[in-house]
Amino acid sequence: MKKASLPYWPVVSRTLAAIVGGYAFTYCFTAALARLLPLDRFDATLVASLVSFIIYLAFILWVFATHSLRRVAASLVVIPPLALIGFWPQLLERLG
């Protein structure tokens with residue numbers, strides 16, 4: 001007997017990657033951008049927050065536009081370095 005395939009699995013996995021992965025990517029990207037922009041803290045946070053809406057939309061569109069779901073999964077590897085850049089001072093405060 002042949003195993004029943006799940007025809008909706010690619011759509012579900014891409015939707016989860018777009019929503020959850022996109023949120024995590026955007027959150028870490030925004031923190032890193034706010035840390036790296038050569039502006040005052042308030043201005044850098046404001047600019048990074050405004051850019052985050054465009055980044056989240058672009059990530060969602062890219063997830064559904066790309067042919068390979070493996071490429072989407074591989075792109076999520078950049079989340080930890082972005083988080084490290086964005087949240088390094090808070091991590092040092094917690095540890096020290």
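Predicted model: local features only at pLDDT ≥ 70, side-chain atom pairs only at ≥ 80, totals over all residues.
View 1. Residues are numbered from 1 along each chain as its sequence is written, and side-chain values use heavy atoms, leaving out hydrogens and water. Helices here are DSSP runs of H or I with at least four residues, numbered from the N terminus. Apart from neighbours within four places in sequence, V47 is in contact with L37 and L39, where contact means heavy atoms within 4.5 Å. For a sense of scale, the C-alpha atoms of V47 and T15 are separated by 27 Å, and the two residues are 32 residues apart along the chain.

**View 2. Here is the largest nonpolar core, with 11 residues.** Its members are A17, A18, F25, C28, A32, I55, F59, V63, V72, I79 and L82. The elements giving two or more residues to this core are α1, α2 (41-65) and α4 (79-95). Helix α1 gives the most, with five residues. A nonpolar core is a set of buried Ala, Val, Leu, Ile, Met, Phe, Trp, Tyr and Cys residues joined through side-chain atoms within 4.5 Å. In soluble globular proteins, nonpolar side chains tend to be buried together.

**View 3. F25 and F59 form a stacked aromatic pair.** A search of the whole structure finds five aromatic pairs. The ring centres of F25 and F59 are 5.3 Å apart and their planes meet at 20°, so this pair is stacked. Rings of Phe, Tyr and Trp (its six-membered ring) pair if their centres lie within 6.5 Å; planes under 30 degrees apart are stacked, over 60 edge-to-face, and the rest tilted. Because F25 lies in helix α1 and F59 in helix α2, the pair ties together parts that are 34 residues apart in sequence. Both partners are buried, F25 at 16% relative accessible area and F59 at 7%. Ring pairs also link F25, F29, F59 and W62 into a cluster.

View 4. The C-alpha atoms of F25 and H67, in contrast, are separated by 20 Å.

**View 5. T66 is a buried residue in a loop.** You will find T66 between α2 and α3 (69-75). Its relative accessibility is 8%, which means that T66 counts as buried. Beyond neighbours within four places in sequence, T66 is in contact with R14, R71 and V72.

**View 6. A nonpolar surface patch of about 710 Å² includes W9.** The patch is made by L6, Y8, W9, V12, L16, I19 and V20. W9 is found in helix α1 (residues 9-36) and, at 49% relative accessibility, counts as partly exposed. Patches are made of residues with over 30% relative accessible area and no salt bridge, with like charges joined within 9 Å and nonpolar side chains (Val, Leu, Ile, Met, Phe, Trp, Tyr) within 5 Å. A salt bridge is a side-chain nitrogen of Lys or Arg within 4 Å of a carboxyl oxygen of Asp or Glu. Accessible areas come from the Shrake-Rupley method with a 1.4 Å probe; for residues, only the protein chains shown count as cover.

Methods. Buried < 20%, exposed > 50% of the residue type's maximum accessible area, 1.4 Å probe, protein only.
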